[in-house]
Amino acid sequence: MPEQATPPASPFPAHAQPQQQAPQQPGGFPPQAVSQVPGYGYPPAQPTYGYPPQGGGYGYPPQSGYGYPPLAGPGEPDWMELAEQNEAANRRRKRLLMISGGALAVAAVVGIVATTLVLSGKKDGPVAAPTSSASPSATDDGGDDGTPAPAPTSAEGFLSRVNTDTAPLTPKSLFADDKITVNGHQYALASTDVTTTKDCSAAVDPDLAKVAKSTGCLHVFRATYVNGATAVTLAIADFPSSTSAAKAAKAAASMTVKALVEGGSAPKFCQGDAACRSSRDSYGRYYMSSLAGRADGKSATAADKAVPVAARDLVRYANTILAARGKAAMDAAGVTPAGSPPPASPSASPSN
C-alpha cells in the first residue's frame, strides 16, 4: 500500500473550548446543564422580541429543581413566603367566619329560649318573686307561710283561729263566776277589766307591750282574785292566730302583766318594787299570764308559799275556761271526734 500523505496544516488556528463548572443546586437536586459558549456548531443565544434572553434552553424559563418555582434573586420578593402568608390569612378569615357563625347560632338559640319563657309566662300569668309571709291578720288562721290550716278537730283547734272562735268575748264571758276553786284553793273575784281594741299596753309592762304590739295583740282581759292574804291578777290576751299567741308567749318569758288594783274590792298589791310571782302559758290564739303577791302590798318572800301557788292556779284556771270555750265551739259545729281525750292541763312554773 502506498504511504498516505500527511494532511496539510489547518489554515485556522485551534481554539480550546472553555469548560464551565456546573453550579451545585440547593436541596440535592442534580445540576443543570450549562449552556455552551458559542463556538463551533453552537448557535449564540438569540434575543426575542422585547423579552430578555432565556437561559434555560429552548424557550423555557430557568428552573430551580423539578417543578419548583425559581428561587428569588437579588432584589426580587420571596414568592414562597408571600404565598404562605396569603394562605395563613385565608385560614384566619375562615376561623373568624366559623367563630362568628357559632356565636350567631348560640345567640339565636338563647333568643328562642328567652322568647319561649316570656310567652310561657304570659300564658300562665305573671310569675311573682317570692316574698316574706305577711303578719297574721284578723282572718289569718293558717301558718306563717300563708297556707290555710286544716279544719279544726279539737277544742284548742277551734280557738286557734278567729273565724271558728265566734262566741262573745267579754270579761263577763271569761270570768263568769264570782268564786272559783282551783286545786283545792278558793279565790273570790274582786275586779275585772278589758283594754281598748288593739291597744294592749295599758295592761302589761312596757317590755311586754312591745311584744304584744309586734305580735298583733287585740285585747287584754284582766281579773283580780283574792285568797286570804294573797291577791292575784289573771290576764287573758287574744291574738289573730295561734301562731301569734305562741310567739308572744315565747318572747314574754320574763315579762309580766300589770296588777289590776282599780275597781271593785281589789287590794293594792304588786305596786312599785314589791316582789311578786308570775306564771304564763298559751292556748289556741290566747296568751295567759298571772301576777300574784301579798294583798297588803308588801314584797313576797320564801315564807309566802301561797303566792307562787296562786300564780300557777290562775293560769290553770284560764286553761279550763278556754278549753270549755273551745269545746262549746266544737259542739256548735257538730264536730265530736271519737275517743279524743280531754285537754291536758298545761304545766306552769312560777318565775320572777
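**Entry 1: R316 and D313**

I started with R316, which is partly exposed at a relative accessible area of 28%. The model is a predicted one. I then looked for the partner of R316. The side chain of R316 meets that of D313 in a salt bridge, 3.4 Å from N to O. D313 counts as buried, with 1% relative accessibility, because buried means under 20%. Both residues sit in helix α6 (residues 306–332), three residues apart, so about one helical turn separates them.

**Entry 2: further along α6**

I moved on to D331 and K327. Their side chains also form a salt bridge, at 2.9 Å from N to O. These two lie four residues apart in helix α6, about one turn of the helix. D331 counts as partly exposed at 38% relative accessibility. K327 is partly exposed too, at 39%. I also noted a network: D165, D238, R285 and R325 are joined by salt bridges that share partners.

**Entry 3: R294 and the total**

I checked R294 next. R294 pairs with D296 in a salt bridge, with the closest N and O atoms 2.8 Å apart. R294 is partly exposed at 23%, and D296 is partly exposed at 46%. I searched the whole structure and found eight salt bridges.

**Entry 4: the cavity**

How many cavities of 30 Å³ or more does the structure hold? I found one. The largest cavity has about 80 Å³ of space. Its lining includes V204, L208, F239 and Y287. Helix α4 (206–214) and strands β4 (230–238) and β6 (286–294) each supply at least two lining residues. I sorted the lining by class: eleven residues are nonpolar, one is polar and none is charged.

Definitions and conventions: Residues are numbered from 1 along each chain as its sequence is written. This is a predicted model: local features need pLDDT of at least 70, side-chain atom pairs count only at pLDDT 80 or more; totals for chains, interfaces and linings use all residues. Side-chain values use heavy atoms; hydrogens and water are left out. On a 1 Å grid over the protein atoms alone, a cavity is a set of points where a 1.4 Å probe fits but cannot get out, and a pocket is an open set with protein on both sides within 12 Å along at least five of seven lines; lining residues have an atom within 4 Å of a point. Grid points are joined across faces, edges and corners, and a volume is the space filled by probe spheres set on the points. Ala, Val, Leu, Ile, Met, Phe, Trp, Tyr, Cys and Pro count as nonpolar, Asp, Glu, Lys and Arg as charged, and the others, Gly among them, as polar. A salt bridge is a side-chain nitrogen of Lys or Arg within 4 Å of a carboxyl oxygen of Asp or Glu. Buried means under 20% relative accessible area, exposed over 50%, partly exposed in between (1.4 Å probe, protein chains only).
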